[in-house]
Amino acid sequence: MEGMFQKKISNKSATQNLKNLIIEKFKLNEDATVSIAELSCHEPNCPPKETIITIRKADGSTSNLRIHKALDQIQREDVKTCLLYTSDAADEEDSVDLGG
């Protein structure tokens, strides 16, 4: 699993663009925090790159999104069709499609 923990130089432009798309899609207030992480997977049947987006709201609720692409390959259409995993739904391995 060579390279699994190598720190990647972040693409600030792609990160900010994705944050803006998430804020727009889910109509987030400025009190929400959007965190983005790109993960590499070396296991069978898993995408080589996956981007995880976590939304934390002021009320303490947390939601996660997974897009099976590298951060710099994500387009507006990917965000429109992504599924939102709430903390409750994640416990039940369920998702909520909020449309868009």
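Predicted model: local features only at pLDDT ≥ 70, side-chain atom pairs only at ≥ 80, totals over all residues.
Residues are numbered from 1 along each chain as its sequence is written, and side-chain values use heavy atoms, leaving out hydrogens and water. The average pLDDT (the predictor's confidence in each residue, from 0 to 100) is 80 for the protein, and 72% of the residues score at least 70.

Back to H1, a helix (a DSSP run of H or I, at least four residues) covering residues 12-26. Its buried residues (under 20% relative accessible area, 1.4 Å probe, protein chains only) are Ala14, Thr15, Leu18, Leu21, Ile22, Lys25 and Phe26. They sit on the same side of H1, because their arc around the axis is only 125°. The face turned away from that side carries Lys12 and Ser13, both exposed (over 50%).

Now for the charged pairs. The structure has four salt bridges (a side-chain nitrogen of Lys or Arg within 4 Å of a carboxyl oxygen of Asp or Glu), including these:

| glutamate 38 | lysine 49 | 3.9 Å |

Glutamate 50 is in strand S2 and arginine 66 in strand S3 (strands are DSSP runs of E, at least two residues), so their pair ties together parts 16 residues apart in sequence. Glutamate 50 is buried at 15% relative accessible area, while aspartate 78 is buried at 17%.

Notes
Expected span 1.5 Å × (residues − 1). Arc of directions from axis to C-beta.
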